[in-house]
Amino acid sequence: MEMDSKQFREFGKAAIDILADYYDHIRDRNVLPSVEPGQLIRQMSEDAPEQPCDWQDVLKDFTEMILPGTTHWHHPQFHAYYPTGISYASIVGNLLSDGLGVVGFNWIASPACTELEVVTMNWLGKLLGLPEEFLNCSSGPGGGIIQGSASESTLVGLLAAKDKMIRRLIKENPDLDPDDIRNKLVAYTSDQCNSSVEKAGVLGSMKMRLLKSDAFGKLRGDTLKKAFEDDVADGLIPCYVVANLGTTGTCAFDPLYELGPICKENNVWLHVDAAYAGSAFICPEYRGFMKGVEYADSFDMNAHKWLLVNFDCSAMWVRDGYDLINAFDVQRIYLDDVKTSLKIPDYRHWQMPLGRRFRSLKLWSVMKTYGAEGLRRHIRNHISLAQHFAKLVKSDDRFVVEPEPTMGLVCYRLKDGDNLTKKLLENLTAKKKVFMVAASYRGRYIIRWVICSLFTTKEDVEFSWQNIKKEADIICISNKSVKSKISNIESIESVSIYEEKTK
Ligand code: PLP
């Protein structure tokens with residue numbers, strides 16, 4: 001039987017109760033679930049239920065089968081990847097969006113959907129200290145849009161850059177063949193870029209060169225300039241650069257003030273991927289990291305990473321909305337709108353899909369309930385917790401912290417070698433109490449510890465550290481005994497050498 005509004009209320013309230021209890025008691029769980037691959041697939045029925053189930057059954061399956069197979073991204077000991085945002089305000093904003101269930105591809109499809117996005121993107125752009133020309137409320141053609149992910153924004157930028165370059169070259173020389181130009185276009189980023197940047201090249205059919213970063217993981221101006229010169233000498237056409245503000249591996253910041261002028265001189269589109277670290281620019285003390293942003297053609301940060309907004313909410317601003325419209329405008333009579341201008345955008349021309357959710361509701365709900373001050377407090381608190389963790393690691397002389405911690409990321413390794421560090425991470429993951437992932441820095445294997453959860457306290461950070469230290473004690477003791485057991489080996493770097501020898 002179809003659910004009525006009375007049942008909807010009960011279902012919804014019970015679901016919220018489950019989630020509130022889940023967060024109240026999240027520390028009682030391990031951060032990683034204890035399930036085998038295929039467990040849920042085996043537990044679930046092979047076919048969809050023929051008869052309707054009670055909503056109580058739905059929630060029972062959720063708590064008994066689905067929750068136990070979940071990795072708890074908001075657990076205080078979740079220190080992997082980068083954070084994904086959450087807050088009660090955002091969950092409610094999302095609920096309101098789902099509740100309305102509108103699709104806002106143009107203004108008439110839901111005026112508030114378009115206009116709240118304009119408003120919130122102006123609010124957020126101002127909070128970040130972006131140059132005014134990126135904002136919809138400026139006198140120019142700039143503006144912001146909420147994309148689904150940083151990956152999409154990078155691809156949207158690439159496709160718009162490609163279109164813009166081809167138009168410009170054809171205008172300068174109408175005899176040129178667009179296909180010929182297309183085949184010669186090249187995109188550039190650093191070898192530290194997120195996988196999604198490289199993938200944008202694959203999806204957008206543009207060669208993406210991953211240029212060598214310097215010793216600190218930054219893409220330097222000289223390297224970019226040389227790459228442009230080499231490619232031009234080979235008859236290729238530099239078209240698109242993705243600069244990274246906060247790389248995924250070690251949170252390195254490319255110097256926009258070096259890359260920007262080179263892009264400008266060469267008419268190359270500069271896109272800034274600040275997916276994680278961009279949130280920190282709401283605090284004026286971190287804006288130095290985006291020096292040179294005025295050279296960018298597009299800028300993206302994930303409010304769904306570090307700004308307490310649930311996935312998906314990737315905030316992208318462009319200097320000129322017409323660059324997107326020129327590239328993506330495909331008309332149909334049924335999409336004709338009464339109201340189209342850059343100031344009230346037809347957002348379907350600014351993105352890849354036609355349909356779009358009312359994502360700004362969750363951003364708005366978060367910005368309203370936290371206020372700018374509350375959001376800044378959140379960022380500063382996370383950075384100070386990361387600094388506390390770094391201090392704890394540095395106090396133990398078996399460990400090295402490198403590079404110097406930035407934002408909420410602390411990278412570290414055991415001095416005694418990569419294999420021991422790897423073993424440490426493997427053992428910790430197997431115990432499921434603390435979750436981290438690896439990266440590499442200057443050819444060494446490092447463990448990334450990122451402050452992720454909204455709920456993490458100083459005591460939680462200390463708990464994580466105690467677990468890491470305890471595991472290091474076990475590994476280092478066994479490594480010492482290995483060293484004393486094996487003679488005639490000058491440098492024993494790892495337990496795996498021991499394992500190899502004792503097989
Ligand atoms: N760029 C950087 C620097 C990232 O760290 C990530 C994800 O962690 C991405 C892009 C991809 O983000 P999304 O999942 O929103 O596409």
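Okay, let's start with the lining of the largest cavity: by class, it has 7 nonpolar, 6 polar and 1 charged residues. For the classes, Ala, Val, Leu, Ile, Met, Phe, Trp, Tyr, Cys and Pro go down as nonpolar, Asp, Glu, Lys and Arg as charged, and the others, Gly among them, as polar.

Quick housekeeping. This is a predicted model, with local features needing pLDDT of at least 70 and side-chain atom pairs counting only at pLDDT 80 or more, while totals for chains, interfaces and linings use all residues. Residues are numbered from 1 along each chain as its sequence is written, and side-chain values use heavy atoms, with hydrogens and water left out.

Back to the cavity. Rolling a probe the size of a water molecule over the atoms shows where empty space is left. Here that's done on a 1 Å grid over the protein atoms alone: a cavity is a set of points where a 1.4 Å probe fits but cannot get out, a pocket is an open set with protein on both sides within 12 Å along at least five of seven lines, and lining residues have an atom within 4 Å of a point. Points are joined across faces, edges and corners, and a volume is the space filled by probe spheres set on them.

The largest cavity has about 60 Å³ of space. Its lining is 14 residues, with T84, G85, L308, H378 and C452 nearest the centre. α11 and α13 (360-394) each give at least two residues to that lining; helices (H or I, at least four residues) and strands (E, at least two) are DSSP runs numbered from the N terminus.

Now the largest pocket, with about 460 Å³ of space. It is lined by 24 residues, and Y82, N194, T248, N302 and K305 are the closest to its centre. The elements giving two or more residues to this lining are α6 and α11. By class, that's 10 nonpolar, 11 polar and 3 charged.

What takes up the space of the largest pocket? That would be the ligand, where sitting in a pocket means more than half of a molecule's atoms lie within 2 Å of its grid points. Around the ligand there are 13 residues (a heavy atom within 4 Å), and the closest are A150, S151, T248, D273 and N302. α6 (150-172) and α11 (303-306) each put at least two residues into this shell, which divides into 3 nonpolar, 8 polar and 2 charged.

On to polar contacts, meaning pairs of N or O atoms within 3.5 Å. The T248 side chain has an N or O atom 2.9 Å from a ligand oxygen. For N302, a polar side-chain atom lies 2.9 Å from an oxygen of the ligand. The K305 side chain has an N or O atom 3.3 Å from a ligand oxygen. Taken alone, the ligand exposes 400 Å², and the protein buries 85% of that (Shrake-Rupley, 1.4 Å probe).

F311 and D312 are joined by a cis peptide bond, omega about 10°, and D312 is in the loop between α11 and β7 (314-318). Another cis bond joins E402 and P403, omega about -5°; P403 is in the loop between β8 (399-401) and β9 (409-414). And S205, a residue other than glycine, has a positive phi near 50°, in the loop between α8 (195-203) and β3 (207-211).

Methods: A polar contact is a pair of N or O atoms within 3.5 Å; within protein, one must be able to donate a hydrogen and the other to accept it, and residues adjacent in sequence count only if both atoms are side-chain atoms.
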